[in-house]
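Please read them alongside the sequence and the coordinates.

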Amino acid sequence: MKSRLKELRAREGYNQTQLAKLAKVSRQTISLIEREEYMPSLLIAVRIARIFNESVENVFQFEEEEL
Amino acid sequence: MKSIVQFLISGVAGFFVVYGLMNFSEVNVAGEITVISIIAISFILITMSVFRFQQIKALNTQNVTGDEEDEVEDRKYKLFADYSLSSNSSFYLSILALSLSLIITEQLSMTIVSIILLVFSFFLLHYMGKIIQYMYPDRKPNYAKSILDVADDGEKHVILDGLYKSQSILNISLIAAITLATVYSMNNGESQTFSIILMAVILLVVNSKYLLVIRNK
C-alpha cells in the first residue's frame, strides 16, 4: 500500500502533530502510516481522507496484486 | 535476530565471568564486587532516568511549530522510551543487588543501599503515568485501563511488535538459563534444582497463558 499522506500534509500545511490531533490518533500512528510500516484501520483511513477532502482510495493506494 | 544473538552471547559471557570469579577468588570478595557493581549500575540508571525526565520537562516548555514541532514530539517520545528503559532496568538490578547482598555478602550497608535504590526505582516506575500526562496532556489518565486499552491503533501495532520480540527472547533466555544452571550444578556440585524448576514453571505458565488467550478468542 502506498500512502499520499506526506504529500497531502504538505499541500494543506499540516505537520504530523496537527494531523494526528485532527484524526484523533497519536503522532506515532501518522508517522508509521507515512513510512508505510502500518496499514491504518478503516475508521482512521476515512477520518484522514475526510480531513483532506479526498476519497480513501485517493489517499491510500494499492497495487493490483494486493487486492 | 542480531540483537538476540548479542544478548545470548553477553549472557553466556557474563555467566562464565561470574563463574570464574566464584571459583578462582574468595567467594565474599567476588560477591561484594558483583553487588557493588550492580548497585553502581543501578544508581547510574536512576540518575539517567531523572536526567531524561528533566529533558522531557524542558522540551515541554518549548513553543515550536511546523516540522520543528514534530521533531520535538519525536525527541520527547524517544526520551520517554529511554526513561522507561532506565527505570525498569534499575528496578530489576536493585532487586538483584538486594538478593545477592542478602545471600552472598551478608553486609547490612549493601542491603540498605539496595533497598533505597529499589524504592527510588519503584517510585520512578510509578511516576511514568505522570510523565505520560506531561507528554500527552489531551489524554485523560485512566488507571483502571491498561496501556493497551488507552493506546491507539498505531501504538498497539508498535506494542505488539515489541511484545512479540520480548516473548521470543524470554523463551530463548530461560531455556539457556536452565541449560547453564544444569551445567553449573553438574560441575560445581551446588544443586540449582529449585531455580531450574522455577524457570521451567515460568516458561510453562507464560506460554500456556499466551496459547490459552489465543485459543479462547
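How many residues does the contact take from chain A, and how many from chain B?

1. The model is a predicted one, and the contact between its chains draws 13 residues from chain A and twelve residues from chain B. On the side of chain A that touches chain B, the elements that supply two or more residues are helix 2 (16-23) and helix 3 (27-34) of chain A. Helix 3 of chain A gives the most to this side, namely four residues. By residue class, the side of chain A that touches chain B comprises five nonpolar, seven polar and one charged.

2. As to annotation, UniProt records the feature "domain: HTH cro/C1-type" at residues 5-59 of chain A, in an unreviewed entry. In the model, residues 5-59 of chain A are 69% helix and 0% strand, and the end C-alpha atoms of this span lie 7 Å apart.

3. Just after helix 2 of chain A, A:Lys24 adopts a positive phi of about 55°.

4. A further point concerns helix 3 of chain A and helix 7 (residues 153-188) of chain B. These two helices pack at an angle of about 75°, and their axes are 7 Å apart. Since angles of 65 to 115 degrees count as roughly perpendicular, helix 3 of chain A is roughly perpendicular to helix 7 of chain B. Helix 3 of chain A contributes A:Gln28, A:Thr29 and A:Leu32 to the contact, while helix 7 of chain B contributes B:Asp153, B:Gly154, B:Glu155, B:His157 and B:Val158. The residues of this contact between helix 3 of chain A and helix 7 of chain B divide into two nonpolar, four polar and two charged.

5. Turning to the overall make-up of chain B, there are eight helices and zero strands, and the elements run α-α-α-α-α-α-α-α from the N terminus on. Of the 217 residues of chain B, 16% count as buried. Among contacts in chain B with a separation of 6 or more, 67% come from residues 24 or more positions apart.

6. For chain B, an unreviewed UniProt entry carries the annotation "transmembrane region" at residues 7-24, 30-51, 85-104, 110-129, 169-187 and 193-212. Two of these segments may be compared with the model. Residues 30-51 of chain B are 100% helix and 0% strand, with end C-alpha atoms 32 Å apart. Residues 85-104 of chain B are likewise 100% helix and 0% strand, and here the end C-alpha atoms are 28 Å apart.

7. Why does B:Phe53 count as buried? B:Phe53 lies in helix 2 (residues 27-60) of chain B. Burial requires 20 or more other C-beta atoms within 10 Å, and B:Phe53 counts as buried because it has 21 C-beta neighbours inside 10 Å. Apart from neighbours within four places in sequence, B:Phe53 is in contact with B:Tyr83 and B:Ile131. B:Phe53 and B:Tyr83 are 30 residues apart along the chain, and their C-alpha atoms are separated by 6.9 Å.

Key:
Residues numbered from 1 in each chain as written. Chains lettered and ligands numbered in written order. Predicted model: local features only at pLDDT ≥ 70, side-chain atom pairs only at ≥ 80, totals over all residues. UniProt positions renumbered as here; feature names shortened; annotations may be inferred. Contact = placed C-beta atoms within 7 Å. Nonpolar A, V, L, I, M, F, W, Y, C, P; charged D, E, K, R; others polar. Axes fitted to C-alpha atoms, helices over the stretch in contact; angles between N-to-C directions. Parallel < 35°, antiparallel > 145°, perpendicular 65-115°, else oblique. Buried ≥ 20, exposed ≤ 12 C-beta atoms within 10 Å, placed from the backbone.
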